[in-house]
Amino acid sequence: MKVPLIIKFAKSHSMNNRILIILNALALVAVLTVNALANILPINGMNTGELSALYPSLFTPAGFTFSIWSVIYLLLIGFVIKQRSISGNTYFTELSLWFLLSCLANASWILAWHYQFLFASVLIMILLLFSLSKIFLHLQHTDLKTLSNKLLIKLPFIFYLSWICVATIANISALLVSLSWGGGILSPITWTITMISIASVLGIFIAERFREPAFLLVLIWAFFGIYSKWTGTENNSIATTALAELILLTILFFVFQFGLKKKSTG
């Protein structure tokens, strides 16, 4: 009597996973479409970069830095293609639900940002950060044996989470600029240097705690963007801090990476 129930559950589980695979792909297509339309139309008459210029936060890196989105979206496309390889695992359902939420948050953020609902955009960004954190933690408990699984299942969310950590700080900074907040007892330059340092410490903690040196690569790129934007200007102290943190994270990336290789071969 129990065998038919087991078979029925297995078939239902398989069907649910197939549905989730399709939903994940459709959700990513929706995100890519909204992001493309944001600049092609553009939504509400201004592209994403023009809107960013309205809130000149000292933490926001140079425009070219945002090309990291192309890398992240290519990796996410790889994820939806490769997701079938992990769809049989028990955690796939929950991972997919968090991924769907992250896609909803991503597309919603674009709309909130373009219609200049800055407070709402910060809340949505935090939701996106939370959903990606949940995915990141789920993947830490998986054994992705093949190199392709590591590159197309885990790496997309390492890069994505790392960038959204930076984007969350930049988003909050833009909100404070819109509110004409002067930094309180600290100058805007001091606040920016503090935020760079906090982002660096957070990155080092995650890279070391979860043994994911790749998390530092996106921060290195972001700090290079900040350095490039402010070097040789009146905000050169920000550039100097970004460069120092960039060098530190680069050194630690190779230290952590070498340590992982040594442990795997030891």
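The legends below describe views of a predicted model of one protein chain. Residues are numbered from 1 along each chain as its sequence is written, and side-chain values use heavy atoms, with hydrogens and water left out. In this predicted model, local features need pLDDT of at least 70 and side-chain atom pairs count only at pLDDT 80 or more, while totals for chains, interfaces and linings use all residues.

**View 1. Helices of the protein chain.** The protein chain has 9 helices and 0 strands (helices are DSSP runs of H or I, at least four residues, and strands are runs of E, at least two, numbered from the N terminus). The radius of gyration, taken over C-alpha atoms, is 20 Å, close to the 18 Å from the globule rule for 266 residues, so the protein chain is as compact as a globular protein of that length. That rule is 2.2 Å times the number of residues to the power 0.38.

**View 2. Helix α3, residues 68-82.** With 15 residues at 1.5 Å a residue, helix α3 should span 21 Å, and its end C-alpha atoms are 21 Å apart, which agrees. The expected span is 1.5 Å times one less than the number of residues. Buried residues of α3 include I68, I72, Y73, L75 and L76; G78, F79 and V80 are also buried. Buried means under 20% relative accessible area (1.4 Å probe, protein chains only).

**View 3. Burial and contacts.** Of the 266 residues in the protein chain, 44% are buried. Among contacts (heavy atoms within 4.5 Å) between residues at least 6 apart in sequence, 80% join residues at least 24 apart.

Technical notes: Buried means under 20% relative accessible area, exposed over 50%, partly exposed in between (1.4 Å probe, protein chains only).
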